[in-house]
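Okay, thanks for making time for this, everyone.

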Amino acid sequence: MKAMVLTGAGEAEFRDIEKPEPGPGETLVRVTSTGICGTDLKIYQGGIPVDYPRVMGHESVGVVEAGGPLAPGTRVIIDPAYSCGACYNCRDNQEHLCPNGGLIGRDINGGFADYMVAPSSNVYELPDDVGDDIAPLIQPMTTCLHAQRKCNIKPGEAVIVMGLGVTGMMHVQLAKAHGAYPVIGITRSQWKLDMALELGADFTIAPGEDTKEKVLELTNGRGADLVIESVGQLPVLGQAIDLARIGGRILPFGIYTQREANLPFYDLYFKELNVINARVAKAEDFPACVDFVQRGVVDLAPIISNTIKFENMDEALELLDSGGGRTMKIILNHSDSKAA
């Protein structure tokens, strides 16, 4: 089968490798489309270490080929986070935090290939009206839903989303679905501000000297009940602390690679802010996100900026790295796809 094989940092080859075979409790999936994201770029560049050679790709959908309880030909989406099922975390309903588990596409071969193998418990059926063109986005959406469930958003709460990239746009829509008002999107990019309004944000703000003044005006002088930091930069987390109300909540959703920063720690203490961390997603988040997309509660199509043939994945990585134009989510389509 064809696969994009990572042989070293910044070195990948499109070549033939042996087709995987499903073992006990596993399902073989013919991949039809895969999303490519910042995590893939960091793995490719060597920022996230992996054992070489490695087939990346963790936002995959496809068709069941063999193995597992689902019939061959069933369209599916794959949860890339696998677990051991026996450790303390797994037995405490925290399989997503399993210390013995890992991520498909990072720790074992993933979806940048014609076929991939996944634990059958991680394979979820897709309805026919959720097409391959948008379905890969459901995987990152599950991480947003998992995080917001931990935040327990109540109707009428003011929510700020800082950073309106792929997950930021999802957070805007999910916060609205949970009844938040107002939902305020903050970013420097005007076209992203416009998109956020189209996807349901009540207000948007371009960051500047008067950002806090505008937030106070929109929240009756209190500040936000919840600030979602979706940029992944510690200085922005400091701004989130500033924009949260006394007794409010902070969700540091972005992945931070910085190890040192100046933060307003006194404000964090004085406001008695709850800092809520979330990682990956749980099993129940996949059917819920499929339902949200199927019913139109969340619109994923506008977040997709590029669709590129699988064999041209190097083009996708370059585009993602440069951030040129209006790049958001890139979807890789496999040329032999037979799914709807």
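Quick housekeeping. This is a predicted model, where local features need pLDDT of at least 70 and side-chain atom pairs count only at pLDDT 80 or more, while totals for chains, interfaces and linings use all residues. Residues are numbered from 1 along each chain as its sequence is written, and side-chain values use heavy atoms, with hydrogens and water left out.

Let's start at the beginning of the chain. When I say strand or helix, I mean a DSSP run numbered from the N terminus: helices are H or I with at least four residues, strands are E with at least two. And two strands pair if DSSP finds at least two bridges between them.

So, strand 1, residues 2-8. Is strand 1 mostly covered or mostly open? Mostly covered: 5 of its 7 residues are buried, and buried here is under 20% relative accessible area, with exposed over 50% and partly exposed in between, using a 1.4 Å probe and protein chains only. Strand 1 pairs with strand 2, residues 11-16, in the antiparallel sense over 6 bridges, and Ala3 sits opposite Arg15 there. Those two strands make a hairpin with 2 residues between them, and in the turn Gly10 has a positive phi of about 75°. Strand 1 also runs antiparallel to strand 4, residues 54-55, through 2 bridges, with Leu6 partnered by Arg54. Put together, that's an open sheet of 3 strands in the order 2-1-4, with antiparallel pairing. Strand 2 and strand 4 are its edges, each pairing on one side only.

Now strand 3, residues 26-36. Here 10 of the 11 residues are buried, so strand 3 is largely enclosed by the rest of the structure. Which strands does it pair with? Strand 9, residues 115-119, joins antiparallel through 5 bridges; strand 5, residues 59-66, is antiparallel over 7 bridges; and strand 18, residues 329-333, is antiparallel too, with 4 bridges. Ser33 stands opposite Asn333 in strand 18.

On to the cores. In soluble globular proteins, nonpolar side chains tend to be buried together. By nonpolar core I mean a set of buried Ala, Val, Leu, Ile, Met, Phe, Trp, Tyr and Cys residues joined through side-chain atoms within 4.5 Å. The largest one has 49 residues, and the members touching the most others are Ile138, Met141, Leu300 and Ile303. Helix 3 (138-151), strand 11 (159-162) and helix 9 (285-294) are among the elements that each supply at least two of its residues. What does Ile138 contact, beyond its neighbours within four places in sequence? Ile77, Leu126, Val130, Cys289, Val290, Val293 and Leu300, where contact means heavy atoms within 4.5 Å. A second, separate core has 24 residues, including Ile43, Ala113, Met313 and Ala316.

Just past the end of helix 9, Gly296 takes a positive phi of about 80°.

Of its 15 lining residues, the closest to the centre are Asp79, Ala81, Ser83, Glu95 and Asn122. For the record, on a 1 Å grid over the protein atoms alone, a pocket is an open set of points where a 1.4 Å probe fits, with protein on both sides within 12 Å along at least five of seven lines, and lining residues have an atom within 4 Å of a point.
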